[in-house]
Amino acid sequence: MPRRITELCTCDGSCKDVCPVECISEGSPIYIIDEDICIDCGACESVCPTDGAIIEV
Ligand code: SF4
Ligand code: SF4
C-alpha cells in the first residue's frame, strides 16, 4: 500500500530526505507523496515526528 501525507503534516521535511525513490515533494500547505511512484518501503513513516501525518492508502 502506498503512503499518503495527511493534514497533520508539520512540514519539517524529514520524509523527503529519506525517500529512496524521491516521490515526496514540498507542496502547499503540506508535503505530497506521488502514490504512483511510492514503493511502500515505510522509510518516511519511520522518520516522521508526527503521529498520523503519514498513512497507508
Ligand atoms: S513509503 Fe518509501 S517510497 Fe513511499 S513515500 Fe515513503 S519513503 Fe517514499
Ligand atoms: S516527516 Fe511527517 S511531518 Fe515531516 S514533512 Fe514528512 S509527513 Fe510532514
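Proline 29 is found in the loop that runs between strand S2 (24–25) and strand S3 (32–33), where helices (H or I, at least four residues) and strands (E, at least two) are DSSP runs numbered from the N terminus. The peptide bond that joins serine 28 to proline 29 is cis, with omega at about 10°. The model is a predicted one, in which local features need pLDDT of at least 70 and side-chain atom pairs count only at pLDDT 80 or more, whereas totals for chains, interfaces and linings use all residues. Residues are numbered from 1 along each chain as its sequence is written, and chains are lettered from A and ligands numbered from 1 in the order in which they are written.

The loop between S2 and S3 also holds glycine 27. Glycine 27 has 12 other C-beta atoms within 10 Å and is therefore exposed; a residue is classed as buried if 20 or more other C-beta atoms lie within 10 Å of its own, as exposed if 12 or fewer do, and as partly exposed in between, with C-beta atoms placed from the backbone. Between the C-alpha atoms of glycine 27 and cysteine 11 the distance is 9.0 Å, although the two are 16 residues apart in sequence.

Cysteine 11 is itself placed in a loop, the one between strand S1 (3–5) and helix H1 (14–18). Its phi is near 60°, a positive value in a residue other than glycine, and cysteine 11 counts as partly exposed because it has 15 C-beta neighbours inside 10 Å. A positive phi, near 50°, is also found at glutamate 22, again a residue other than glycine. Glutamate 22 is placed in the loop between H1 and S2 and, with 9 other C-beta atoms within 10 Å, is exposed.

Taken as a whole, the protein chain contains two helices and four strands, and its elements run β-α-β-β-α-β from the N terminus on. The radius of gyration of the protein chain is 10 Å, close to the 10 Å that the globule rule gives for 57 residues, so the chain is as compact as a globular protein of that length; here the radius of gyration is taken over C-alpha atoms, and the globule rule is 2.2 Å times the number of residues to the power 0.38. Along the principal axes, the C-alpha atoms fill a box of roughly 25 × 20 × 20 Å. Buried residues make up 19% of the 57 residues. Of the contacts with a separation of 6 or more, 64% are between residues 24 or more positions apart, two residues being in contact if their C-beta atoms, placed from the backbone, lie within 7 Å.

In soluble globular proteins, nonpolar side chains tend to be buried together. In this model, the largest nonpolar core has 10 residues in all, namely Ile5, Cys15, Cys19, Ile24, Tyr31, Ile33, Cys44, Cys48, Ala53 and Ile54; such a core is a set of buried Ala, Val, Leu, Ile, Met, Phe, Trp, Tyr and Cys residues joined through C-beta atoms within 7 Å. Isoleucine 54, a member of this core, is placed in strand S4 (residues 54–56) and is buried, with 22 other C-beta atoms within 10 Å. When residues up to four places away in sequence are not counted, isoleucine 54 touches Arg3, Ile5, Cys15, Cys44, Glu45 and Cys48.

Arginine 3, which lies in strand S1, counts as buried, with 23 C-beta neighbours inside 10 Å. Leaving aside neighbours within four places in sequence, arginine 3 is in contact with Ile33, Cys38, Cys44, Glu45, Ile54, Ile55 and Glu56. Glutamate 56, placed in strand S4, counts by contrast as exposed, with 10 C-beta neighbours inside 10 Å, and touches Met1 and Arg3 when residues up to four places away in sequence are not counted.

Around ligand 1 there are 14 residues, of which Cys19, Cys38, Cys41, Ala43 and Cys44 come nearest; a residue is near a molecule or strand if its C-beta atom, placed from the backbone, lies within 6 Å of it. The shell around ligand 1 divides into 11 nonpolar, one polar and two charged residues, where Ala, Val, Leu, Ile, Met, Phe, Trp, Tyr, Cys and Pro count as nonpolar, Asp, Glu, Lys and Arg as charged, and the others, Gly among them, as polar. Of the 14 residues around ligand 2, Cys9, Ser14, Cys15, Cys48 and Ala53 come nearest, and the shell of ligand 2 divides into nine nonpolar, four polar and one charged.
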